[in-house]
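I opened these notes to keep track of what I looked up, beginning with a helix pair and going on to the aromatic rings.

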There are 2 protein chains.
Amino acid sequence: MANAIRALAMDAVEKAKSGHPGLPMGAADIATVLFTQFLKFDAEDPRWPDRDRFILSAGHGSMLLYALFYLTGNEDVTLDQIKNFRQLDSKTPGHPENFITAGVETTTGPLGQGVASSVGTALAERLLAAEFGDDIVDHTTYVLCSDGDLMEGVSHEAIALAGHLRLSKLIFLYDDNGISIDGPLTLSDSVDQVARFKAHGWNAVQIDGHDQKAIAEAIKQAQTSDRPTMIACKTTIGFGAPHKAGTSKAHGEPLGAEELAGAKKALGWNYGPFEIPEDVLHAWRNVGREGASAHADWRQRFETMEETKRSEFQRRVVDRKRPEVLGDTIRALKEKLVATPQTIATRKASELVLEAIEPIMPELLLGSADLTPSNNTRVKSAKDVKPGDFSGRYIHYGIREMGMAAAMNGISAHGGFAPAGGTFMCFTDYARPSMRIAALSHTPVVYIMTHDSIGLGEDGPTHQPVEHLASLRAMPNLRLFRPADPVETAECWQLALENTTGPTVLALSRQALQPVRTTAHADNLCSQGAYELVAADGTAEVSLFASGSEVEIAVAAQKQLSEGGIATRVVSVPSLDLLLLQKDEVRHGIIGEARVKVAVEAAVRFGWDAVIGPDGGFVGMSTFGASAPAKDLYKHFGITAEAVVKAATERLQRN
Amino acid sequence: MANAIRALAMDAVEKAKSGHPGLPMGAADIATVLFTQFLKFDAEDPRWPDRDRFILSAGHGSMLLYALFYLTGNEDVTLDQIKNFRQLDSKTPGHPENFITAGVETTTGPLGQGVASSVGTALAERLLAAEFGDDIVDHTTYVLCSDGDLMEGVSHEAIALAGHLRLSKLIFLYDDNGISIDGPLTLSDSVDQVARFKAHGWNAVQIDGHDQKAIAEAIKQAQTSDRPTMIACKTTIGFGAPHKAGTSKAHGEPLGAEELAGAKKALGWNYGPFEIPEDVLHAWRNVGREGASAHADWRQRFETMEETKRSEFQRRVVDRKRPEVLGDTIRALKEKLVATPQTIATRKASELVLEAIEPIMPELLLGSADLTPSNNTRVKSAKDVKPGDFSGRYIHYGIREMGMAAAMNGISAHGGFAPAGGTFMCFTDYARPSMRIAALSHTPVVYIMTHDSIGLGEDGPTHQPVEHLASLRAMPNLRLFRPADPVETAECWQLALENTTGPTVLALSRQALQPVRTTAHADNLCSQGAYELVAADGTAEVSLFASGSEVEIAVAAQKQLSEGGIATRVVSVPSLDLLLLQKDEVRHGIIGEARVKVAVEAAVRFGWDAVIGPDGGFVGMSTFGASAPAKDLYKHFGITAEAVVKAATERLQRN
């Protein structure tokens, strides 16, 4: 049965003229044991909530997954799809993508991401079980990972967190083949992985990855452990290939006709390209249906659950919907905020929003990468998630920004929770590879990114974001909101939670800001990315654009300009990226026709020309920041109402 | 003597009304032992090449460093500077910045960065010693790191690489205080760090970090080990503070007047703010001059070195200059490339450049994060750097993108080498935090980033950069070049190596490209970021802008438009960021006055409006890519000469 996987992988890569045969051939025994003896799944319903998760962290070995899908009868992956491997519009892309192929739990490929997100998946399982009971939630997360996954730094963050929380239902199957692209792993690595995992609080063993009995025995042991388990399976990459097996030649390119023929011969596989003998296919198809009765039993337990709980589970896990009262809750909060205006930081405003929505969103799963008191991510009633105790709903992710972002991907992929995690905006750089996976894989998570400019102050340029707004706005399917005051913060939070097809960054100030929204609006004014906050007195000669903490500066400049007889309006731009996604007429309408356009943002200009044009005025940063109190820095870098007024009047005179 | 550090740290943080007293107070004993008994340095010349390096990875504890600098007599850090801690234009910013304060080896603050760059520093020392002899190069790299440093993923990459290479002159002093911002470390971590480091091939011990004898003994042991050493020093954060010691309250805020007074009392320190008794200061100043005789001896050995070697050392390590023949070498190569035009990928062209400059640049230190055959980073004569053998000059960094970038920062900071390392452009995301440190700290390194677009093909969207060009262009003091053919590649490499005040990214294609530069130019046409590649026949109605692999598309479109009677020029833009840094008249001159402007780049539009304006045409990507052969993808996403022609003619008709 393992040879069926190997043959399909070799044939598909050969036909595609590119791909990675080495891993599927090397790990076929591991996968066969797992799928035939352990994995709880039902090929007819790859979305069954209580299925075991199988995550191929080494995403380049995607043919392993596609072969298993085809063999077990997943409807998405037909033999034609296998033949169309790595071609446009196929269900079998180069790396597994959850939004393309049913059964792919999460998008993998960039190494370390599957490993790291699996921690979130395993954590979500335990949290959900604590809430809904082991009758309804009781599954294991299996991860097949490679040397590369374990060399990436994020693997450290992931296994440290999993070990700490004692996620005993997380099992890594490490395809320990000793080969990387440059050659033998000994060129660059000599870590003792078993000892390493043990130091991180894991159960860890090493076995022969081609000994199916040993594999089965190790998985059985892992299932009884009170710790997460890493099973290092010594394998031969490209197992069966007469000349390339055990070398980097087997990793990332077709074997070639001759070597392929030699491999089939060595494996005793006497069949043509894409040919699977009836009996082998039949045996695999049976495996695909083995979980059906467990599935049916589960369905029955689910149907007879207490009604409130069942509909809650249905909403959160199956339908993945937000609570219906979310909009009303935000509206009520906005009214309250308008009634009692507060000069507070938007990070503090964000905390007020969290306090307001927490009672109606039991799925809200907050946390911080060890900046809880700075990120204001913790509501008063919060209870910590602790090692082996999953009744809490607040996660101390530790100083692990990428680990946090990846875990949130896994939590979201699992279903049942709305994860939102905080760190400083500057450290989105650390989290970025996992944020990109979220954007690419349509994963709704919220990043609470505080200290979003030089307003951070004394900690200096290493901690002051300058280019981060631009760099995140450039990413497809990522929303970035930078609200200006409490009301905008509430609106942006609503939009973040309603964005269920991708991630959202909330960029929040450290420093207190003047409220700019002082009248109640039932509508969410931030929903098109920008809106006119202050109208001009007559036809506008000048349009000022600003986001977040600089909106109050634009408002002050507007006042000065208006008093000088220059008709000026202010457009608040909580989301430049969302504004740029609007249809031409909407965008033009918001941007307006004023002769002079000036933007102010305590960040680099890059991207703003789309609004103000190459000759527009920009008041902001062009270098890194500096270490000093925030007020001194705004003055030093010339981000003031006076500078905005000057930029506008100079341009009025010039034109 | 240790209390002098504690007192200065408490007083400075108190006066600044912000900062981190906890680490300097906790680690004062460690630092005192290191500086008084081990560290080879001469406070009068903090740039002495053979000094030991002391890297404060936990940069938030900067007052530890500043206190030591002041006490030992570093001229940059006077008592006034200490009093000016964290203020504008001081030499004592919130986190240590190498370009502001003499004696700061490298900019730290974002956790993990010091730890990771120190691996490069220790490696550079061994490589340089292998070349110039232990008489001239023989120093140790000491790193003071914190829990946070060791939680960050990059610490894994760093210690795995250091352990693998057996960098025995690298010694970590881990301030093991068990406290993080959220509270006790037990909230988020339970890694056994000693076991962890041992699994990574290190020597590791745990000691009492307030027992000066134990500290000295451990450092002595470390110096005799054939492995890098980690000394876990159990300390009390905020040591001495009566109520806050040992709690997160001591970490990141002033102690407050009362607690400060209590701490001084507990420490038996009966002096006012910023007051250091004469005898203590005298003792410290003596420490600052203890290295003077070793320095003088070294100077004598250096002066009597063989002349060629001495001037080579002077150029590379002291003056940090590139070889004078670099310009001529590139010119000669360009002539050769023009004489025999080749349709090759720019990654291949980059390899040709490396082969040409390697003989004249012995400081060139190449490597790859396990993509050597794809990045074309290895010249034919290359010899690998191996565990304990530092005669080679090629580094297999392993699958450790951030580790590589950070190590290159450390190599560059150390001096003597020009590090250049490769991975896929998409994985700049992984390296980004270290790339930012390079940009911020004026560190010249070169990133060889291949597979720079959907041209990567079948590996699909996880591996296809789309937003990366924009996200990197937004970063201050980072240059990004995306050459179009072999001649441009040679020119961009020259500019990269001549950029000695910051890092440079070379974005290189996977796929073969038509040569567009077919005549020889002695000048470097890429030096202003862009230039007119094809002139219009008459006054241009249309200007086409393109970079890298899309220049040939723009050239083809120009031909079609010209044949249709529309005067069209092509501007090649190898560096959009460099173009945008040019003075207005230069920039306007290059961009030109054509009525219609269209840019083509297989990436997102973000940033291009600065050239083409909000109404300009853009042919590129607006979503993530897909898995398919490159040619199919260019067609699928409509990045073709026909699309460029259409965008231009539509706009001509509209205006």
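**Helix packing in chain B**

I began with helix H2 (residues 22-38) of chain B and helix H9 (residues 212-224) of chain B, which pack at an angle of about 55° with their axes 9 Å apart. Because of that angle, H2(B) is oblique to H9(B). I noted that this is a predicted model, and then looked up the handedness, finding that H2(B) passes H9(B) in a right-handed crossing.

Which residues of the two helices meet? On the H2(B) side I listed Asp29(B), Ile30(B), Thr32(B), Val33(B), Leu34(B), Gln37(B) and Phe38(B), and these meet Gln212(B), Ile215(B), Ala216(B), Ile219(B), Lys220(B) and Gln223(B) in H9(B). Sorted by class, the contact of H2(B) with H9(B) comes to 7 nonpolar, 4 polar and 2 charged residues.

**Aromatic pairs**

I then turned to the rings, where the count over all chains is 28 aromatic pairs. The pair I wrote down is Trp48(B) with Trp298(B), which is edge-to-face, at 6.5 Å centre to centre and with 65° between the planes. This pair links distant parts of the chain, since Trp48(B) lies in the loop between H2 and strand E1 (53-56) of chain B, while Trp298(B) belongs to helix H12 (residues 292-303) of chain B, 250 residues apart.

Are Trp48(B) and Trp298(B) buried or exposed? I found that both of them are buried.

Conventions:
Residues numbered from 1 in each chain as written. Chains lettered and ligands numbered in written order. Predicted model: local features only at pLDDT ≥ 70, side-chain atom pairs only at ≥ 80, totals over all residues. Heavy atoms only, no water. Axes fitted to C-alpha atoms, helices over the stretch in contact; angles between N-to-C directions. Helix = DSSP H or I, 4+ residues; strand = E, 2+ residues; numbered from the N terminus. Parallel < 35°, antiparallel > 145°, perpendicular 65-115°, else oblique. Left-handed = near helix turned anticlockwise from the far one by under 90°. Contact = heavy atoms within 4.5 Å. Nonpolar A, V, L, I, M, F, W, Y, C, P; charged D, E, K, R; others polar. Phe/Tyr/Trp six-rings, centres within 6.5 Å; stacked < 30°, edge-to-face > 60°. Buried < 20%, exposed > 50% of the residue type's maximum accessible area, 1.4 Å probe, protein only.
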